[in-house]
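The stops below are given in the order in which they may be selected.

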Amino acid sequence: MIEVLSIEEPGKVALVEEPLPEVPEGGFRVATTHSGISAGTELTYVKGDNPYLNASWDQALGLFVPGRPSVTYPVRGIGYMQVGMVVQTRSRAVREGTLVAMTYGHRTGYVADPMADRFVELPDDLDPLLGVYVAHMGPICANGLLHAAADLHGPAVRDLGDGVRGRRVVVVGAGVVGLLVASFALQYGAAEVVVVDETPSRLAIAEALGAGTLDFEDDPAVELKRRWRHGLGDRGADVVFQCRGQTRALALALRVLRPQGTVVDLAFYTRGADEVRLGEEFHHNGLTLRCAQIGRVPRGLAHAWDRERLSHETIALLRRRGSLLREHVITDVVGFPEAPQLFADLAARRRHAVQAVLCDNVQDEGG
């Protein structure tokens, strides 16, 4: 038996027991060591405002169909940042004792099929706590940079930094996605990276990672367009990564761009974007808005930039900047028994975390 995080109904979170199947021929079983929480996506189920609760996704049409929920309560198995130790294997693909990054939801164990389940073996020199970013969250952010590169070079992209190297970059939102995107941009040689947010503690983290910062209330568009000049009537950011699921953040992202610039949007707007104003900067400056969603890479790049390569780029980032991310971005590490209370507190804003991680042994992590 294992324990699985279950959102029983809006506002009610519990741990429930669930039997594990036998390990089939060719499969393996892992015991979870770390499970990262996506405070944006996962809390929408706790709050009850995730679009899948009120509509179904038609894969063939690429449309949400209202009135037929894709997901109903209880919601189990959410979460996409897991690290597990292989404790039993009937596969030559992985050895017992190996740490792997996977996406199987908040549960204390899992039986995997290498033919169906994606896993990334973690190198020995990588902090297992940082391994929560390798399978999915890191590739989400790397894919944002890949979209910026494709915006400049089309299918001729050679390097993940092709869209930021030597350029002036703004990241709107200092959550985990924004901080990882800023870290990628810094690693790949952006001329300047400025993170915009309204929470002083998160701006302090961005500064600790090496980025410049501005508060939402400082009118960043005016500040940066006075600072960044490209030519007569050509001022502002070369590229903006929009990483906050609020309409005013998207509006700011458009305002801060130079003419004919591009916003690469990684945000999840659970309530739509009714307040976005498309008759002003978007129209008059001829701007471009590109959605970077992990379900696909830019057109023409799928053959060269699959999820495995994006995970490899994530590992490279963690090797170079992992100590900073560990110290400043991972703010909360708690044991699995504390998970229901943590989710409830985060959803109710009684507790604030940048990156929270569930762990099988908190003492080993200094928690």
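Strands count as paired here if DSSP finds at least two bridges between them; helices (H or I, at least four residues) and strands (E, at least two) are DSSP runs, numbered from the N terminus. Between E12 and E13 the chain passes through helix H4 (residues 200–208), giving a right-handed β-α-β crossover. Right-handed means that, with the strands pointing away from the viewer, the path from the first strand over the helix to the second runs clockwise.

The model is predicted: local features need pLDDT of at least 70 and side-chain atom pairs count only at pLDDT 80 or more, while totals for chains, interfaces and linings use all residues. Residues are numbered from 1 along each chain as its sequence is written, and side-chain values use heavy atoms, with hydrogens and water left out.

Next, display the charged side chains. A salt bridge is a side-chain nitrogen of Lys or Arg within 4 Å of a carboxyl oxygen of Asp or Glu, and the count by this rule is 19.

Begin with Glu-198 and Arg-244, whose salt bridge has an N to O distance of 2.9 Å. Glu-198 lies in the loop between E12 and H4, and Arg-244 in the loop between strand E16 (237–242) and helix H6 (247–256), so that the pair links parts of the chain 46 residues apart. Arg-244 is buried at 16%, whereas Glu-198 is partly exposed at 30%.

Then select Asp-219 and Arg-255, which form a salt bridge with their closest N and O atoms 3.5 Å apart. Asp-219 is in the loop between E13 and helix H5 (220–227), Arg-255 is in H6, and 36 residues separate the two. Asp-219 is partly exposed at 35% relative accessibility; Arg-255 is also partly exposed, at 31%.

Move to Arg-258 and Asp-234, where the closest N and O atoms are 2.6 Å apart. Asp-234 is buried, with 18% relative accessibility. Finally, select Asp-159, Asp-162 and Arg-165, which are linked in a network of salt bridges.

Now show helices H2 (residues 137–153) and H8 (residues 307–328), whose axes come within 8 Å and cross at roughly 100°. Axes are lines fitted to C-alpha atoms, for helices over the stretch in contact, and angles run from 0 to 180 degrees between N-to-C directions. H2 and H8 are therefore roughly perpendicular, a term covering 65 to 115 degrees. Contact means heavy atoms within 4.5 Å; among the residues that make it are Pro-139 and Leu-146 of H2, and Leu-310 and Thr-314 of H8.

The last stop is an open sheet of 3 antiparallel strands in the order E2-E1-E6. Its edge strands, E2 (12–18) and E6 (75–76), each pair on one side only. Strand E1 (residues 2–9) pairs with E6 over 2 bridges, and Ser-6 has Arg-76 of E6 as its bridge partner. Helix H9 (residues 339–347) packs on this sheet and touches E1 and E2, its direction making about 155° with that of E2.

Note on methods: Buried means under 20% relative accessible area, exposed over 50%, partly exposed in between (1.4 Å probe, protein chains only). Angles under 35 degrees count as roughly parallel, over 145 as roughly antiparallel, 65 to 115 as roughly perpendicular and the rest as oblique.
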